[in-house]
Amino acid sequence: MNLSTRAVLAIGGVFLGCCSGVVFLELLVKLDPGAGNLITAAQFAFISLEGFIFTSRFGLAKRVISLKDYALLVAMFFLTSVCNNYVFQFNVPMTLHMIIRGGSLITNMCLGTMILKRSYRLSQYISVVMISVGIFICTYFSSPDLGDKENTNSTESDIFWWLVGVLLLVVALFVSSYMGVTQELLYRRHGKCAREALYYTHLLPLPAFLLMQENIRTHWIQAFAGESYQLPLLGVTVPLLLLYLLGNVLAQHLCISSVYTLTTECSSLTVTLILTLRKFISLMFSILYFRNPFTAYHWLGTVLVFVGTLMFADVIKVPKRGSQAVKQE
């Protein structure tokens, strides 16, 4: 695989930006599990501002793709972003969050078969079964403990909302995969315009955050009422949550802009493989640094997910019976 300089830089940006962004995200949700809408709004606002200055050139640059073509892409991106950050309010652990999102190959295969009419090798179907089983194991053993019989009502309520969070993650996974297909088709028609797509997919949904203004304002106020941190050189005291939020926003900008660049330089399969490896590194860091609970069953599920992913991308070779034609990009 020959990678261009842009692709190599984008891969570096993915690992640096996305991994550090997950660290700041975990620090944020430990301080305030309900801050998902505040985090998402801050990310969208910052990327929109940066894009307005450097990509749109204060609105003077000509668009490559029409706003009509962006409409569906924008709606899907907004939905997945909100869901992925909001699920922490339903007590979904960070480790499970990363493992379920690591199942993107399953949804990519389903949509690739149905929409793009692609066919796959037998080993790829086997790998998707492995990923599905791995995610099921991790999900099942991450479910809330039933606890004492005395607390049955509260526990049942916890389990219900936890299931809602898991369901939101799964829905976001399918929507995200369909968004990838839509993005690929747009690039085929209009050419490479990753920076423009990044800008408009963050700018156009901004008014939708007005529907969440009460929730966002509540958690913004809570940030100032919470723990503070004194900056060493300046001697200024700032809310710790806002400091983590700034780190997450900057890291997310590097992450998402690198991903958008990567989609114009590499095939969707290569992008999926790189993102899966990034998630694996983030998962390991989360387990070791944050000491998140991780049993032998979680390890089994994780191994199945990531080995299945590598099999799908043909990094781990599986003996073949004769040659099989595969319609793959």
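Contact, in these notes, means heavy atoms within 4.5 Å. I am working on a predicted model, where local features need pLDDT of at least 70, side-chain atom pairs count only at pLDDT 80 or more, and totals for chains, interfaces and linings use all residues. Residues are numbered from 1 along each chain as its sequence is written, and side-chain values use heavy atoms, with hydrogens and water left out.

**Entry: T261**

I started with T261, which sits in helix α10. Leaving aside neighbours within four places in sequence, I found T261 in contact with R6, A10 and A194. Buried or exposed, I wondered about T261? T261 is buried, at a relative accessible area of 15%. My cut-offs are under 20% for buried, over 50% for exposed and partly exposed in between, with a 1.4 Å probe and protein chains only.

**Entry: T218**

Next I went to T218, in helix α9 (residues 213–225). T218 is partly exposed, with 38% relative accessible area. I also checked T218 against C266: they are 48 residues apart in sequence, and C-alpha to C-alpha they are 42 Å apart in space.

**Entry: cysteines**

I then looked for disulfides, taking a pair of cysteine sulfur atoms within 2.5 Å as one. The count comes to 1 disulfide. Which cysteines does it join? The bond runs from C18 to C255, with S to S at 1.9 Å. The link of C18 and C255 is right-handed, with 80 degrees about the S-S bond. C18 lies in helix α1 (residues 5–31) and C255 in helix α10 (residues 240–265), so the pair ties together parts that are 237 residues apart in sequence. Both ends are out of the way: C18 is buried at 5% relative accessible area, and C255 counts as buried at 9%.

C138 is in no disulfide either, as the nearest cysteine sulfur, that of C19, is 18 Å away. C138 counts as buried, at 0% relative accessibility.

**Entry: nonpolar cores**

For a nonpolar core I take a set of buried Ala, Val, Leu, Ile, Met, Phe, Trp, Tyr and Cys residues joined through side-chain atoms within 4.5 Å. The largest one has 68 residues, and Y260 and L283 have the most contacts inside it. Helix α10 gives the largest share of this core, 8 residues.

Last, I noted what lines the second largest pocket. On a 1 Å grid over the protein atoms alone, a pocket is an open set of points where a 1.4 Å probe fits, with protein on both sides within 12 Å along at least five of seven lines; lining residues have an atom within 4 Å of a point. I count 14 lining residues here, and S132, I135, F136, T139 and V170 lie nearest the centre. The elements giving two or more residues to this lining are α5 (104–114), α6 (122–141) and α7 (152–190). Helix α6 supplies the largest share, 5 residues.

How values were computed:
Helices (H or I, at least four residues) and strands (E, at least two) are DSSP runs, numbered from the N terminus.
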